[in-house]
Amino acid sequence: MGIDLKKMRQKLADLHNKGGNGSGARFWKPSEGENVVRILPTKDGDPFKHFHFHYNVGEKAGFLCPKKNFGDDCPVCDFVSKLYNDGDDESRQLARKLVAKSRFFSPVVVRGEDAEGVKVWGYSKTVYENLLQLVLNPDYGDITDPHNGTDLVLTYGKAPGAMFPSTNITARRKTSALSGDSDQMSEFLDSEPDFDKLFEVKTKEEVSAILDKFLLGEDGDSSDGVVVTEKSGGSSVDDAFKDLLAS
């Protein structure tokens, strides 16, 4: 029996996936300079997944907002409302830090790292708007089409004088196949991340406990808007959250 190349690719991918999130997904962030990716089609026809997170509260870099994502009660949202109602500048400043923020995620194949399989690219609202404008442009059609889709060139970096890095998106002029290897293409298409399991869902009680701990000042020091704890390490999900804050 020959070597199972699918298993070998998974082994290679696992080497680059330290930590874990329960869904088997591997998070990816653009490197400084030029990156080329291909966004994959999803079964529901929407490759741009929208989530709301609360940052700057709790030991982790962020967690799903129960209210914005699922329509459930959220103690942090209630606290934010009270802060805004207080009306003073200090309360509003804290409210702006704690209010739920939008983040977007897409399944991608990173060119040059194709053997590592499908990854999850997380990006900001600005990048999301640029992607929507691109897919709605009739000159490009379906950029996720496996046979005649379009690779995207992402130029990532910090402009002179800018506080945070930005991402510039350019579509390739020519369409191309997701992969020239039919087996690899099938493998990519069968590896859609389970976005329902991408992030841990916390109960109202768990969120309330996080907020209480934060208000008691037990979550460590705050630096540059990111809560820093004394614990070392962290999963790939935590790292992805922190990277998204600056994108």
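In these legends, a contact means heavy atoms within 4.5 Å.

**Figure 1. The whole chain, shown as a predicted model.** Welcome to the overview! Among contacts between residues at least 6 apart in sequence, 66% join residues at least 24 apart. The chain has eight helices and ten strands to look for. Of its 247 residues, 42% count as buried.

**Figure 2. Strand E6, covered on both faces.** Five of the five residues of E6 are buried. Lys119, Trp121 and Tyr123 lie on one side, while Val120 and Gly122 lie on the other. Strand E1 (residues 27-28) pairs with E6 in the parallel sense over two bridges, and Trp28 has Trp121 as its bridge partner there. Strand E5 runs antiparallel to E6, and five bridges join them.

**Figure 3. The largest nonpolar core, with 17 residues.** In soluble globular proteins, nonpolar side chains tend to be buried together. In this core, Ile39, Trp121, Leu131 and Leu152 touch the most other members. Two or more residues come from each of E2, E5 (101-110), E6 (119-123), H5, E7 and E8. Take a moment with Leu131: beyond residues up to four places away in sequence, it touches Ile39, Phe48, Trp121, Tyr123, Leu152 and Ile169. Another core, of 15 residues, lies apart from this one and includes Cys65, Cys77, Ala95 and Val207.

**Figure 4. A network of salt bridges linking Arg38, Arg111, Asp114 and Asp151.** The structure holds nine salt bridges. In one of them, the side chains of Arg38 and Asp151 meet at 2.9 Å, N to O. Arg38 lies in strand E2 and Asp151 in the loop between H5 and E7, so this pair ties together parts that are 113 residues apart in sequence. Both Arg38 and Asp151 are buried. Asp151 also forms a salt bridge with Arg111, with the closest N and O atoms 3.0 Å apart. Arg111 sits in the loop between E5 and E6, so its pairing with Asp151 ties together parts that are 40 residues apart. Arg111 counts as partly exposed, because its relative accessibility is 22%, whereas Asp151 counts as buried at 10%.

**Figure 5. A salt bridge between Glu200 and Lys202.** The closest N and O atoms of this pair are 3.6 Å apart. Which of the two is exposed and which is buried? Glu200 counts as exposed at 54% relative accessibility, while Lys202 counts as buried at 19%.

**Figure 6. Tyr140 in the loop between helix H5 (125-135) and E7.** Tyr140 is partly exposed, with a relative accessible area of 30%. Leaving aside neighbours within four places in sequence, Tyr140 is in contact with Leu134, Thr150, Ala171 and Arg172. Arg173 is 33 residues from Tyr140 along the chain, and their C-alpha atoms are separated by 8.9 Å.

Definitions and conventions. Residues numbered from 1 in each chain as written. Predicted model: local features only at pLDDT ≥ 70, side-chain atom pairs only at ≥ 80, totals over all residues. Heavy atoms only, no water. Helix = DSSP H or I, 4+ residues; strand = E, 2+ residues; numbered from the N terminus. Buried < 20%, exposed > 50% of the residue type's maximum accessible area, 1.4 Å probe, protein only. Core = buried A, V, L, I, M, F, W, Y, C linked by side-chain atoms within 4.5 Å. Pairing = 2+ DSSP bridges. Salt bridge = Lys/Arg side-chain N within 4 Å of Asp/Glu carboxyl O.
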